Amino acid sequence: EAARRLFECASEWERSCLRKYPDEGWIELHHHLLMLRSRLSFDQLVGDNIQYGGDKSIVKLISTDQPRSSCALCSNHVMRSGKHFA
């Protein structure tokens, strides 16, 4: 009940981003609300030629003469709606 009340106090924009699924509990939805409000951070980097740029919210490419692919992973954040740009 407390998680539901906390979620109902969220802004209209936050609630539009986090629609409740039929099998989803209020505690889980409140957890997603807290994640939505937190700063995005890359907890784990996987690949070559990438490093953190100051803090874990910035990832930058290390320039080399050899073409290689790199990627970054962000753990704990799940995109539930909207558009994603990379």
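Predicted model: local features only at pLDDT ≥ 70, side-chain atom pairs only at ≥ 80, totals over all residues.
1. **Overall layout.** Starting with the big picture, the protein chain has 3 helices and 4 strands. The protein chain has 86 residues, and 21% of them count as buried.

2. **Surface and contacts.** About 6800 Å² of accessible surface is what you get for the protein chain, with 55% of that surface belonging to carbon and sulfur atoms. On the contact side, take the contacts in the protein chain with a separation of 6 or more: 36% of these are between residues 24 or more positions apart.

3. How many salt bridges does a search of the whole structure find? The count is 5. As a reminder, side chains of opposite charge can pair when their charged atoms come close. One example is E1 with R4, whose side chains meet at 2.3 Å, N to O. E1 also forms a salt bridge with R5, where the closest N and O atoms are 3.2 Å apart. R4 in turn meets the side chain of E8 in a salt bridge, at 2.5 Å from N to O. Because these salt bridges share partners, E1, R4, R5 and E8 end up joined into one network.

4. R4 has a relative accessible area of 22%, so R4 is partly exposed. E8 also falls in the partly exposed class, because its relative accessibility is 43%. If you are thinking about the cut-offs, buried means under 20% and exposed means over 50%, which puts R4 at 22% in the class in between.

5. Is E14 buried or exposed? With a relative accessibility of 11%, E14 counts as buried. Its side chain has a polar contact with the side chain of R37, at 2.8 Å. If you leave out neighbours within four places in sequence, the residues in contact with E14 are L33, L36 and R37. So R37 turns up both in that contact list and as the polar partner of the E14 side chain.

6. **Cysteines.** There are 0 disulfides in the structure.

7. **The β2-β3 hairpin.** Strand β2 (residues 50-53) and strand β3 (residues 55-61) run antiparallel, with 4 bridges joining them. Q51 has K60 in β3 as its bridge partner. The two strands form a hairpin with 1 residue between them. Which residue in the turn has a positive phi? That is G54, with a value of about 100 degrees.

8. Q44 is in strand β1, which covers residues 44-47. At 46% relative accessibility, Q44 is classed as partly exposed. Q44 and K56 lie 12 residues apart along the chain, and their C-alpha atoms are separated by 8.9 Å. V59 has its place in strand β3, and V59 is partly exposed because its relative accessibility is 27%. From V59 to L45 there are 14 residues along the chain, with 8.5 Å between the C-alpha atoms.

Notes:
Residues numbered from 1 in each chain as written. Heavy atoms only, no water. Buried < 20%, exposed > 50% of the residue type's maximum accessible area, 1.4 Å probe, protein only. Polar contact = N/O pair within 3.5 Å; in protein donor to acceptor, adjacent residues only side chain to side chain. Contact = heavy atoms within 4.5 Å. Disulfide = S-S within 2.5 Å. Areas by Shrake-Rupley, 256 points an atom, 1.4 Å probe, with all protein chains shown as cover. Pairing = 2+ DSSP bridges. Salt bridge = Lys/Arg side-chain N within 4 Å of Asp/Glu carboxyl O.
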